Amino acid sequence: MSEGDKGRQVRTSLMTIRDSRQPAWRKVIRVALSMAQIMVPMSAGILDTKESRYWQGVPLRRMAWVLSALFFTVAAWGFFLDLTEWKGWPLWALIAVASSFGTTGVVLFVTVRRRVFQLIPVLAVLIMLNFYAVKRLPHGPRISLSDAARDRVALDAIFIMASILLGYRLFLFFISTQGVEQIRTRAELDMAYSMQQMLVPSITHRTDSFELHGLSAPSEEVGGDLVDLIATESGWLACLADVSGHGIQASLLMGNLKTALRLGFAQEQSLAGVIAAVGKILPAVKPPEMYATFAGLRFAGSGNVEYLIAGHPAILHYRAISRKAERLGMEQFPLGLTGDCAYASAIASYDPGDLFVLLSDGVIETEDARGMEFGFEGVERVVVRHGTDPLQKIMNQLMSELAEFGNRVDDQTILLVRALA
């Protein structure tokens, strides 16, 4: 059972307990109000402050379609009376009565749902006008029908009106509950997506010492992978991190992780020192089951690069001279599993033209229809074949082969770093 289902079950149980403690007269009133909401759907907002807040938050100019739908729905009362009471109104009178009812419905909706109580006098005038129109407008000659036909027409009219009212009420119920919830969820996802684009944009950078290109493709609207390039006094840091899980929760933790990493390196701590500090504070800002893996490269010139891997897949090192790929791996704990963990970095040598590939496990764990993984072998195959190509071309080739190999079920993030000097 999901957390949402559990929450709804608890709320239902509480409402059942609350209802059982209410006196009988309150239950009668609740039933009467429920019937009134079916017969007169606009009345629901009088007591339901949540629905009223929703309709008050919608600009009136954006309610044109719903008000038009309401006008024609309530206008049906005019045709209903003409059939059931055999008014026999001429066409112009029938349209006038229907329009009067429709206008009254719109004004009642705005008055009740948006709580514009200044319209009450207008509403009172319209109601009196409806009574006058029904009683005073000229009637046409009675249509000659048998009693059985007349009864059947009246019965059909009653069921038609009941169906319209019930359907309208159910539409309102959906809009005010599930519709509002879906709109809110969509708005939250759109906001999270905007934050994702701001926190994890595609990166392209070039200096005299190296060039870099990285991107993250989340499996959902938002993801928990981070790719970043951080300038420090002791050299550039290129890093990739992967937060466990998917969706908004992983994205929020990823944002916290990016902030902590940038703050740590701004204080000119060592690579191992920053990762240890982040790993120490991370448990306090996340659920116990979540964690983050990390892989980073720090370039300080002189043909050597410092790297650190914490629970993350190995870094691929493509050597341009030999046209072979090596794996730089480390066995260290991910960040956030324990608050007190020491980390160590290592040094690797490189030559101009060498390429480093940092990637998330969503890349190597992509499966085909037979359950076979793309693996490091798939990445190495592309890198060895295209290792001297422009970084953008290598990235496009990797993403293209991944898409052809299997569906994306996890965030796929790749960071390419080429040494230039």
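In the predicted model, helix α8 (residues 247–266) packs against helix α9 (residues 271–281) at an angle of about 140 degrees, with the two axes 9 Å apart. Axes are lines fitted to C-alpha atoms, for helices over the stretch in contact, and angles run from 0 to 180 degrees between N-to-C directions. Helices (H or I, at least four residues) and strands (E, at least two) are DSSP runs, numbered from the N terminus. The helices α8 and α9 are therefore oblique to each other; angles under 35 degrees count as roughly parallel, over 145 as roughly antiparallel, 65 to 115 as roughly perpendicular and the rest as oblique. On the α8 side, Leu257, Ala260, Leu261, Gly264 and Phe265 meet Leu271, Val274, Ile275, Val278 and Ile281 of α9, contact being defined as heavy atoms within 4.5 Å. This contact of α8 with α9 comprises nine nonpolar residues, one polar residue and no charged residues. In this classification, Ala, Val, Leu, Ile, Met, Phe, Trp, Tyr, Cys and Pro count as nonpolar, Asp, Glu, Lys and Arg as charged, and the others, Gly among them, as polar.

Ala277 also lies in α9 and is partly exposed, with a relative accessible area of 32% (buried means under 20% relative accessible area, exposed over 50%, and partly exposed in between, with a 1.4 Å probe and protein chains only). Ala277 and Ala342 are separated by 65 residues in sequence, and their C-alpha atoms are 9.1 Å apart.

By class, the contact of α4 with α5 divides into 15 nonpolar, five polar and one charged residue.

Among the strands, β7 contains His317, which is buried at a relative accessible area of 0%. The side chains of His317 and Asp354 are joined by a polar contact of 3.0 Å; such a contact is a pair of N or O atoms within 3.5 Å, where within protein one must be able to donate a hydrogen and the other to accept it, and residues adjacent in sequence count only if both atoms are side-chain atoms. Beyond four places in sequence, the contacts of His317 include Lys324, Glu326, Tyr350 and Phe356. His317 and Arg418 are 101 residues apart in sequence, with a C-alpha to C-alpha distance of 9.7 Å.

Arg323 is located in the loop between β7 (315–319) and β8 (324–328) and is partly exposed at 43% relative accessibility. Arg323 has a positive phi of about 55 degrees although it is not a glycine. Most residues other than glycine have a negative phi.

Gln412 belongs to strand β11 (residues 412–419) and is buried, at 3% relative accessibility. A polar contact of 2.9 Å links the side chains of Gln412 and Thr366. Residues touched by Gln412, not counting those up to four places away in sequence, include Leu215, Asp225, Val363 and Met399.

Overall, the protein chain has 12 helices and 11 strands, and 44% of its 421 residues count as buried.

Residues are numbered from 1 along each chain as its sequence is written. For this predicted model, local features need pLDDT of at least 70, side-chain atom pairs count only at pLDDT 80 or more, and totals for chains, interfaces and linings use all residues, while side-chain values use heavy atoms, with hydrogens and water left out.
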